[in-house]
Amino acid sequence: MMPQGQPGGPQWPEAAAQAGGPVSPFSLMEELGSLTPLVKEGLRLAIQSKRAAQGLGPADTGAGPSLGPTMGSVETARPRPYQTRAPVSAEEEERRQRRRERNKMAAAKCRNKKRERTECLQRESEQLEALNTELRSQMEALRRERQQLVFLLNLHRPTCIVRARHGGHTPEDERALLLHVLADK
């Protein structure tokens, strides 16, 4: 036989006996969800009285079924949707309204700044892309011009008088010779 509290074992013997087998906590939660508000209120009062008899604090009075406090948890008073808040003075309400307005204006200002920053970055990106395209086309034109000049130089090399006269064979020698000839003129 499985011990109680283990997965697959009977969680609540009375419920298991009524259902004719083991009952999962999920099916019991579904059953609790379908109970009438009067029964829920009766269960809530029974739990509160048991907690008071044991010396524990008041149980959670929320709308859903409570599983009790967890280990190390601190119960805090949270406003419930069905509870009304304490009346607020006109002065306090006016302060809240002004704070809401300031917050609204600050949020709009922040959104506008973000939009402007995005548009500025978009314009800058488009300008840089255009510049990049222009520079790439210039680079390609210069590359083609260099190829033409190298081709012309290679065509001229066999018939070059300066080269034949001075016997320069390396490009460095030819460059130095060309500079020397130009300096003489």
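1. The secondary structure of the protein chain comes to 6 helices and 0 strands, where helices (H or I, at least four residues) and strands (E, at least two) are DSSP runs numbered from the N terminus. The model is predicted, so that local features need pLDDT of at least 70 and side-chain atom pairs count only at pLDDT 80 or more, while totals for chains, interfaces and linings use all residues. Residues are numbered from 1 along each chain as its sequence is written, and side-chain values use heavy atoms, with hydrogens and water left out.

2. Of the 185 residues of the protein chain, 6% count as buried, a term that means under 20% relative accessible area, with exposed meaning over 50% and partly exposed lying in between (1.4 Å probe, protein chains only).

3. Helix 3, residues 37–53, has 17 residues and reaches 24 Å from its first C-alpha to its last, close to the 24 Å expected at 1.5 Å a residue; the expected span is 1.5 Å times one less than the number of residues. Just after helix 3, Gly55 takes a positive phi of about 85°.

4. Helix 4 (residues 90–156) holds Lys114, which counts as exposed because its relative accessibility is 54%. Lys114 forms a positive surface patch with Lys109, Lys113 and Arg117. Patches are made of residues with over 30% relative accessible area and no salt bridge, like charges being joined within 9 Å and nonpolar side chains (Val, Leu, Ile, Met, Phe, Trp, Tyr) within 5 Å; a salt bridge is a side-chain nitrogen of Lys or Arg within 4 Å of a carboxyl oxygen of Asp or Glu.

5. Leu149 also has its place in helix 4, and at 51% relative accessibility Leu149 counts as exposed. Together with Phe151, Leu152 and Leu155, Leu149 makes a nonpolar surface patch of about 430 Å².

Methods
Areas by Shrake-Rupley, 256 points an atom, 1.4 Å probe, with all protein chains shown as cover. Lys, Arg positive; Asp, Glu negative; His and termini not counted. Charge placed at Lys NZ, Arg CZ, Asp CG, Glu CD.
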